[in-house]
Amino acid sequence: WWRPKSANQDILWRSSNARYEKGRSIRGGVPICWPWFGKHPTDDSFCVHGFARVIPWKLLESSQLKNGATKIILKMLPTEAVTKQLTYSFELILTIVVGETLYLNLQTTNLSDSPFVISEGYHTYFYISDIKDIKVTGLENSVYTDKIDDFGRGIEKTTITFDDEFDRVYTNSNDCYIEDEKFNRVITIKKSNSNSTVVWTPWQKKALAMGDMGEENEWRRMICVETANLLENSVVIYPKLSHSIATEYSVQEY
């Protein structure tokens, strides 16, 4: 969980049926999707959304900043299974700053002699009052790929509201906002070096089939708005160079 002192409600959602098992992702919080987003491009046997969210990380640093926030730096520890899935060497560092805002920076460094391509994202689950009573703004006029409509393309004309399953990837997207009138608040999602945003809700049928989405109506209390780089926004990283993707979440109540 993360709740600033100024907030009356939690900001992040976690399923009551989340599984804490080795090699399995946790349904909630901020799973890290890397080095691919969604299915592996050539081998469906590999872990969906990559392996970063299911393998160990090493704590490199933990400190308190002058403003009272806590800074944590983690480094991925590749397992033998991971090294068999990749043809390149890398370093992956995650910096987290927890305070009145929540800041995350994921840095990929290419330690190989050839370039490689990644897709990536923060698969963040936000806690909301009810999926039918919120709207997502800031993505108007963005081009999207609709995964439910056989990856059809379109342009988002209006504010996003929800009355069914929703799964779209927005390209060339800017900062966006979750407006929640019942909670009297707006969650701001700032992005840096991110050209994609994913918006997802499973809705009832898919949520019940997933097994780890919580009780019958628990899915109504979450929305995923994901800072990412995927599809045509996948990133090429050249030898000995680094790439970072960052996001920062803040809350304003009214």
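Strand 4 (90–98) and strand 5 (102–110) each supply at least two residues to the lining of the second largest pocket, where strands are DSSP runs of E with at least two residues and helices are runs of H or I with at least four, numbered from the N terminus. Before I go on, please keep in mind that this is a predicted model, in which local features need pLDDT of at least 70 and side-chain atom pairs count only at pLDDT 80 or more, while totals for chains, interfaces and linings use all residues. Residues are numbered from 1 along each chain as its sequence is written, and side-chain values use heavy atoms, with hydrogens and water left out.

A pocket here is an open set of points on a 1 Å grid over the protein atoms alone, where a 1.4 Å probe fits and protein lies on both sides within 12 Å along at least five of seven lines; its lining residues have an atom within 4 Å of a point.

The largest pocket holds about 1,100 Å³ of space. It is lined by 42 residues, with Phe 37, Gly 38, Lys 39, Val 48 and His 49 lying nearest its centre, and the elements giving two or more residues to this lining include strand 15 (196–201) and helix 2 (203–210).

Strand 15 is also where we find Thr 201. Is this residue buried or exposed? Thr 201 counts as buried because its relative accessibility is 0%, the limit for buried being under 20%, with exposed over 50% and partly exposed in between, for a 1.4 Å probe and protein chains only. Leaving aside neighbours within four places in sequence, Thr 201 is in contact (heavy atoms within 4.5 Å) with residues including Phe 162, Asp 164 and Trp 219.

Strand 2 pairs with strand 3 (residues 70–76) over 7 bridges.

How values were computed: Points joined across faces, edges and corners; volume = space filled by probe spheres on them. Pairing = 2+ DSSP bridges.
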